[in-house]
Amino acid sequence: MINRIFGFFSHDIGIDLGTANTLVFVAGKGIVIREPSAVARHKKSKEILAIGSAAKKMEGRTPATIEAIRPLKDGVIADFDATAAMLTHYIRKVHESGTIIPKIPRPRVVVGIPSGVTEVERRAVVDAALSAGARSAYLVEEPMAAAIGAELPVEDPTGVFIVDIGGGTTEIAIISLGGIVLGRSIRIAGDEMDEAIVNYFRLKYSLLLGQPTAEEVKITIGSAVEVDKDKKEKFTVVRGRDLETGLPRSQKLGSDEVREALAPIVQELVGHIKDTLEEAPPELVSDIMKRGIVMAGGGSLIAGIAEMVSEATKTKVTVADDPISCVVRGCGKVLNDPALLKRIRVTSGLQ
Ligand code: ADP
Ligand code: MG
């Protein structure tokens, strides 16, 4: 209760700065923002025109003078100014909304960042949070935040295996005693699945699909393995450009062919998970065998991925509840646990 009241007044904030989605958690309130990580701005003046969903809608539709970008595209901060603008926008939005009392304490901010982000970029994210009005800012690595959000015992002397499949990156990590024992951040995730779908149908039907269409196909009928052999194949109808005539054309796509399109990406992901498990110290492997592998991130929602990883690693695999919000829930949890935050943060700053 005390925490709730304190949280309410201070508006402490947890932010998942994902390559595809940005989520914001406010202490005492829960998740208040879930928006695409996108920024639209004027090419020349760099003036920001839109952030979040409004900017994502502009992707692929902008005139020459405007650019719609994904600031963290491949798990690195591809565009620092845009990332800072996004961070500032959300911190201010949350902090200013509901500010009735003028001398409200400025928030503490915990930001989850991809583990491949460099030291210079980390510093820059902290500076951006501080200049947006944070009283203090801490960075935690996404796989650690995801594991905490998934309620895994990251501080215990036991191996926790987490796989977070996002848009631009997949983070694979083994955690024990509050630290990442072994981890890799690879640039194969949801975006590559979309690209694989585009490429596959371009070759198969000479049909060019837009990225949003490919993503929708993946979400509605995509799968990693044949989920239920007795079930009938699923179908969807899409519109794309016929590459021979140059004109729009409709095409019916089946789940079997989408699975074939996704197979190379899924195989590569599974290979990285297997390699990480093979590199793990034996004691931790035995812990992992007991608890199993936990998956998070939007990419873990693809049908049959858990079964496939389980089959390949001979280990139990579960997908966390609401996998897309694991990182931000983890950031929110550490706001309430200063000792844990102190242990796991990778960078911190005070104003
Ligand atoms: P990030 O942390 O990099 O921002 P997210 O964890 O938000 O990424 O996941 C975004 C990715 O998850 C996107 O590639 C999106 O297409 C994919 N995704 C979301 N829902 C599903 C679903 N039901 N099935 C398959 N992929 C999904
Ligand atoms: Mg993520």
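**Loops, helices and a strand**

Visitor: Start with Thr-245. Is it buried or exposed?
Guide: Thr-245 counts as exposed, because its relative accessibility is 53% and the cut-off for exposed is over 50%. Keep in mind that this is a predicted model.

Visitor: Where does Thr-245 lie?
Guide: In the loop between β13 (235-242) and β14 (248-254).

Visitor: And what does the side chain of Thr-245 reach?
Guide: The backbone nitrogen of Leu-247, at 3.1 Å.

Visitor: Where is Ser-206, then?
Guide: Ser-206 sits in the loop between α6 and β12 (207-208).

Visitor: What is the phi of Ser-206?
Guide: Positive, about 50°, although Ser-206 is not a glycine. Most residues other than glycine have a negative phi.

Visitor: Which loop holds Lys-314, and what is its phi?
Guide: Lys-314 is in the loop between α10 and β16 (317-319). Its phi is positive as well, about 55°, and Lys-314 is not a glycine either.

Visitor: Lys-314: buried or exposed?
Guide: Exposed, with a relative accessibility of 62%.

Visitor: What about Thr-313, buried or exposed?
Guide: Thr-313 is buried, because its relative accessible area is 9% and buried means under 20%. Thr-313 belongs to helix α10 (residues 305-313).

Visitor: What is Thr-313 in contact with?
Guide: Ile-273, Lys-274, Leu-277 and Ile-293, if you leave aside neighbours within four places in sequence.

Visitor: New topic, helix packing. How do α3 and α4 pack?
Guide: Helix α3 (residues 80-96) and helix α4 (residues 119-131) pack at an angle of about 35°, and their axes are 9 Å apart. The crossing of α3 past α4 is right-handed.

Visitor: Which residues make that contact?
Guide: From α3, Phe-80, Ala-84, Leu-87, Thr-88, Ile-91 and Arg-92. From α4, Ala-124, Val-125, Ala-128, Ala-129 and Ser-131. By type, the residues of the contact split into eight nonpolar, two polar and one charged.

Visitor: How many residues does α3 have, and how far does it reach?
Guide: α3 has 17 residues and spans 24 Å from its first C-alpha to its last. That is close to the 24 Å expected at 1.5 Å a residue.

Visitor: What caps the N-terminal end of α3?
Guide: Asp-79 does, with a side-chain oxygen 3.2 Å from the backbone nitrogen of Asp-81.

Visitor: Which residues of α3 are buried?
Guide: Among them are Ala-84, Leu-87, Thr-88 and Ile-91, and those four also take part in the contact with α4. Val-94 is another of the buried residues of α3.

Visitor: What is Val-94's distance from Val-32?
Guide: 8.2 Å, C-alpha to C-alpha, for two residues 62 apart in sequence. Val-32 is in strand β3 (residues 30-36).

Visitor: What does Val-32 touch?
Guide: Val-24, Val-26 and Val-94, not counting residues up to four places away in sequence. Val-32 is partly exposed, with a relative accessible area of 39%.

Visitor: Back to loops. Where is Glu-151?
Guide: Glu-151 lies in the loop between α5 (142-149) and β9 (160-165). With a relative accessibility of 61%, Glu-151 counts as exposed.

Visitor: What polar contact does the side chain of Glu-151 make?
Guide: One with the side chain of Lys-333, at 2.9 Å. As for Asp-321, its C-alpha and that of Glu-151 are separated by 9.9 Å, for residues 170 apart along the chain.

Visitor: Last one: where is Arg-187, and what does it touch?
Guide: Arg-187 is in the loop between β11 (179-186) and α6 (190-205). Not counting residues up to four places away in sequence, Arg-187 touches Asp-74, Val-76, Gly-168, Thr-169 and Glu-192. It is partly exposed, at 47% relative accessible area.

Visitor: How far apart are Arg-187 and Ser-348?
Guide: 26 Å in space, C-alpha to C-alpha, and 161 residues in sequence.

Notes. Residues numbered from 1 in each chain as written. Chains lettered and ligands numbered in written order. Predicted model: local features only at pLDDT ≥ 70, side-chain atom pairs only at ≥ 80, totals over all residues. Heavy atoms only, no water. Axes fitted to C-alpha atoms, helices over the stretch in contact; angles between N-to-C directions. Helix = DSSP H or I, 4+ residues; strand = E, 2+ residues; numbered from the N terminus. Left-handed = near helix turned anticlockwise from the far one by under 90°. Contact = heavy atoms within 4.5 Å. Nonpolar A, V, L, I, M, F, W, Y, C, P; charged D, E, K, R; others polar. Expected span 1.5 Å × (residues − 1). Buried < 20%, exposed > 50% of the residue type's maximum accessible area, 1.4 Å probe, protein only. Polar contact = N/O pair within 3.5 Å; in protein donor to acceptor, adjacent residues only side chain to side chain.
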